[in-house]
Amino acid sequence: MTQVSDERLERTAPAPPPELLPTATAAQTRAEVLARVLRRPWQSAAALLLVVAGVLAGLVVPRALGHLVDVVVAGGHQTSAVTGPVVLIGAACLAQALFAGWGAALVARRGEEVLAGLRESALGSALNTGLARLERSGSGDLVARVSGDVTVLGEAVRTLVPQLIGALLEIGLTLVALLLLDWRLALAALTAVPLQVYAVRWLRRRSGPVRRQERIAQGEQAQQILESVNGAHTVRAFGLGPRQLAEVERRSAAARDLALRSTHIGTRFFGKLNGAELTGLTGLLAVGFVLVRADAIAVGTASAAALYFLRLFDPINGLLSTVDEVQSASAAADRVVGLALLPRSGAPEPTAPRRPGSAAGPRKAAAVELHGVGHAYLPGHRVLHGVDLSLAPGERVAVVGTTGAGKSTLARLVAGVHPPSAGRILIDGRPVEELTDGRIRRMVALVNQETHVFAGTLAEDLRLARPEADDEELRAALGTVDAWDWAAALPQGLATEVGQGGTRLTPIQAQQLALARLVLADPPVAVLDEATAEAGSAGSRALEAAAERALAGRTSLVVAHRLTQAVRADRILVLEDGRLVEQGDHEQLVAAGGRYARLWAAWSGARD
Amino acid sequence: MPQDEQNEASADALGPGYRATERDVRRWVFDRQRRWIAGAMVFTALHQTAEAAVPVMVGAVVDHAIDGGGPADLLRWIALLALLFLALSTAMRLAGRCNRHASQDAAHELRVAAVTRILDPRGFAAQAGSSGTLLSTATADALRIGLGNRAWAIGAGAAAALAFGATALLLTSVQLGLVVLVGLVPLLAATRLLAAPLTARSSAEQAEVARATGTAADLVRGLRVVKGLGAEEAALRRYRVASGSSLAATVRAARWEAGYQGLTLLLNGCFLTVVAWSGARLAVDGSISVGEFVASVGLAQFLVGPSTRFGMAMGLRAKARGSAARMAALLAEPYAVAGGPRTAAGRPDGALVLAGLGAGPLRHLDLTVRPGTTVGVVTPDPAVAAALLDVLALRRPAERGQVELDGVPLAELSLAEARRVLLVADHEADLFDLTVAENVRGPLDAPADPALVARAMSAADADQVLSVLPDGGRSRIGERGRILSGGQRQRVALARALAADPAVLVLHEPTTAVDAATEADIADGLRAMRADRTTLLVTTSPILLQTCDRVVFLDDGVPTATGTHRELTIDQPSYRTAVMA
């Protein structure tokens, strides 16, 4: 098995990685987070002060215990002599509880506010990613950042930040207390530090790469299992079970081995910390011994110092063992903040109210003109050449041609997804490149094969296209695309939860929904790319009828796979190898006996 | 029922077994890792005991060396302290090793068991859950059950530390020991009592956070739609609402948690104050020494730790229980079909007979397909087509009638043999993250002949796909064929079905995503490739139907007309509507 897979690794190249989105540098992230923390300086300062007060109150306890020891050692006291220090201990505990609790609440609140600000601005940036960029990078990385990385960051804010603040203050202030007790004892305790520094360096060197490999292995394992789950029908039909299972087993074992390695490194790290503890403790006890013999300090002072030092074990070990988590949280922060570095494809415009009374009918359709338009995704690889074209307001134009003829490219250029490499596109006489992304979108809507149904109610899904629409308008839009019947039959009608986690819509229903959104968005120009191709014959016919009504009164460009869409268009464009080779209506082109006529013959050959 | 007997017989392949309960799953996991768990318990107990001994040892150093001892005393006690640390560290590392194996080995075995069930040839009788749920059961739940094995060691360690601490305290002073032990009980009870509402709060909070995260991921997944409509503002506003209520929920939960933290500190403080007070009084009147007093206070603080670890162990167990229940439910999912005993050898002719076949919306179908012919099946109702394909692919049993392959009922053949002879290629075909050739070649143990692969690739017009890949035939095509277009994926999937070269091939709408000219090419290729083989084409594409020897039209789940495509187009108006646009 291993041999087979090794062989495969040699023979195959991985799928080309999508272009990565920008990542912020550590300095950029720090600046961004600090700016957000300081947006409410007083709350932030109050939170910090309360936490400090809590730790200080906690430090009074060993001091008071040391005092008790001195009282005991001095001897000859009444038992009532212990009352004073004991009351002090009680009061200190009370103060510690109060301050620490209050401080924790404030820290959590500021942390959560900063986090909310970060995630909202990250999603804002993601939403404003240019469509062209999105085509290049895919949406996987974006999804990972707004969900996975934001979750990691949230966990960090909820557990890591309070833990870090608490541990750092505890350690720092305990050292100060130790110093106040006796500087020589403090110095002796510090002999642990070089060993701890060594242990952390050792951990970072060893654990970083293993952790990374572990995450990759877990990702691969999850992907392999998901592939098996999703493709189970195919796996069973083709007898691929042994192959898939062997692959899952291999990747699962790899993930297990890396998990074993990384926890092994963890225990070795704690072994080293034990060594550091012993060193510090020994030093402290030895120095205490010498100082007590020299009558420089009381036995109680040495006891208190030892108690302080024992108290340090937990926070220090806790702090040092979060090194990894801090690293992965800061990497997540870099990726989330990095989204803000994406070039904005066009500022989100003030939410200008859409035209009034649009339910009555679409706004005046616009004219679209293309002058010598050409396009190349890669330099030297022209996929579209010198297209001259003019769409009259309200005209319905279908684009046909074989796979790879440039139909989708033409659609994307008209929709403003990419600026054309050559030539000019005018919408209502204005060059496309002068329109910001937001304005193009309000002029031209693009409906493509992607039939995403948004999680939420059906009404919420539709209102993405027009937030101010009332239920009556939603109903009308669904009616226009023949979808009202099934929508009304849903368990809660418009209030039914759809999309992920809700009622599942069929592919045809999802496409109807996309068309209903188009009706609600009500753009003067609409571009449809293969929106009805995958539905199968019966469904396609229903969708074509729906699309026809949704496009009524708009200038439209429709990429047609099924020639029936072309038959009813005002004009048909035939593309071949990126060139516009024929145009005219159905009868003209069939009569001309050119490429369209041949396509039509292939399509309709059996039909008459 | 015979099906159940067979299910029982194959239980061993499934780890905890078919029809395992939540307890069975956990017992299986425990049994498999018994030795590691036992080791982890012993070493954790040793480690925790040694940890508990540290404050005692420090007290002894104060007593015997610092408070009036000589340098030799100091050296002796420090050496003992070093020995203690050595024991502590060694036990910790050994415990770590045992724990790692006890949890990770178990998680791995469970992952494999879960995927084995998911891929079982007998399938699922009902939808077993979304792919996300299945993935999470096979990974997150498997890990949680594995980590549940740690509860044993944590419990053993806590018990050992408690026993040691209590003994040491009682040896120092019965009175002080009793104060500490009696004080611990209400302390722990109160802590647990306070934690209960917190757990409920935190799961409510987690739900809010997950909802906001889900909204973000969902909006980004639909980003092309959002941008196509220019609905960025509306989308952002929607996310802000979700993010805002997530913020409110987490702040609320954090307030509770902070209150809990404060109260815990306060309770521990009270406990410590009482111990210090009674201990100091005993020390003043000489009942215990200074060192014993220091050790007692240290022990009292230390004992809070192991006590709370009991709670931690219980939490791990509770989580493992929930996960084990989900794992057991997956393993116990009923099978769709059982498969028969016959592993018919030899080369079948490919005679396919559907005798009075019925399943759901497919009401009654009699159909005989002679060896080497191509028959089209047309139905305007997608549910009828789905039912027919499910029965032929052995994803659901026939409710009435049966399928016969060369005179043998399909249900009597073993699943592997049945699928080798009769292959159903679905419309939604899944490709895997391999090269195009590896996808087309099929199973590792019986890959298709290279010459056959080449013919299949050209018949399906899939060879053109290679030219668009960055490294041609050496490129992997990404998960589910991500880097290919819909039409390219469809052609590679068709090539795979043709390369398998089964005696009977059932194709469902194999050409919906290709243009008319390409479809006509593929129809020719299909015809040539399947010339002497039996093929069933479930489609409404006229281009494919005109290549069929015969077409059966199913209306409302029963055949209403049979003939060539041309005949049916002329004679049958309803057929004409179904196929023609």
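Helix 11 (residues 382-392) of chain B lies across strand 3 (374-378), strand 6, strand 7, strand 8 and strand 9 (550-555) of chain B, and runs at about 150° to strand 7 of chain B. Helices (H or I, at least four residues) and strands (E, at least two) are DSSP runs numbered from the N terminus. Axes are lines fitted to C-alpha atoms, for helices over the stretch in contact, and angles run from 0 to 180 degrees between N-to-C directions. Helix 16 (residues 486-500) of chain B also packs on the sheet, where it touches strand 6 and strand 7 of chain B, and its direction makes about 175° with that of strand 6 of chain B. Contact between two residues requires their C-beta atoms, placed from the backbone, to lie within 7 Å.

The model is predicted: local features need pLDDT of at least 70 and side-chain atom pairs count only at pLDDT 80 or more, whereas totals for chains, interfaces and linings use all residues. Residues are numbered from 1 along each chain as its sequence is written, and chains are lettered from A and ligands numbered from 1 in the order in which they are written.

In chain B, 6 strands form an open sheet of mixed pairing in the order 6-7-8-3-9-10. Strand 6 (422-425) and strand 10 (558-563) of chain B stand at the edges with a single partner strand each, so one side of each is left without a neighbour in the sheet. From one strand to the next, the twist averages 20°. Strands are taken to pair if DSSP finds at least two bridges between them. Strand 7 (residues 504-508) and strand 8 (residues 534-538) of chain B pair in the parallel sense over 5 bridges, and B:Val504 has B:Thr534 in strand 8 as its bridge partner.

The secondary structure of chain A comes to 22 helices and 12 strands. Of the 608 residues in chain A, 45% are buried; a residue is buried if 20 or more other C-beta atoms lie within 10 Å of its own, exposed if 12 or fewer, and partly exposed in between, with C-beta atoms placed from the backbone. Strand 3 (residues 396-400) of chain A is largely enclosed by the rest of the structure, because 5 of its 5 residues are buried. A:Arg396, A:Ala398 and A:Val400 point one way from this strand, and A:Val397 and A:Val399 point the other way. Strand 3 of chain A runs parallel to strand 10 (residues 555-559) of chain A, to which 4 bridges join it, with A:Val399 opposite A:Val559. It also pairs with strand 11 (residues 571-576) of chain A in the parallel sense over 4 bridges, and here A:Val397 stands opposite A:Arg571.

Helix 8 (residues 192-230) of chain A has 39 residues and should span 57 Å at 1.5 Å a residue, which agrees with the 54 Å between its end C-alpha atoms; the expected span is 1.5 Å times one less than the number of residues. A kink of about 35° lies at A:Ser207, shortly before the proline A:Pro209. The bend at a residue is the angle between axes fitted to the seven residues ending there and the seven starting there. Among the buried residues of helix 8 of chain A are A:Ser207, A:Leu203 and A:Glu214.

A:Arg63 is placed in helix 3 (residues 41-74) of chain A and counts as partly exposed because it has 19 C-beta neighbours inside 10 Å.
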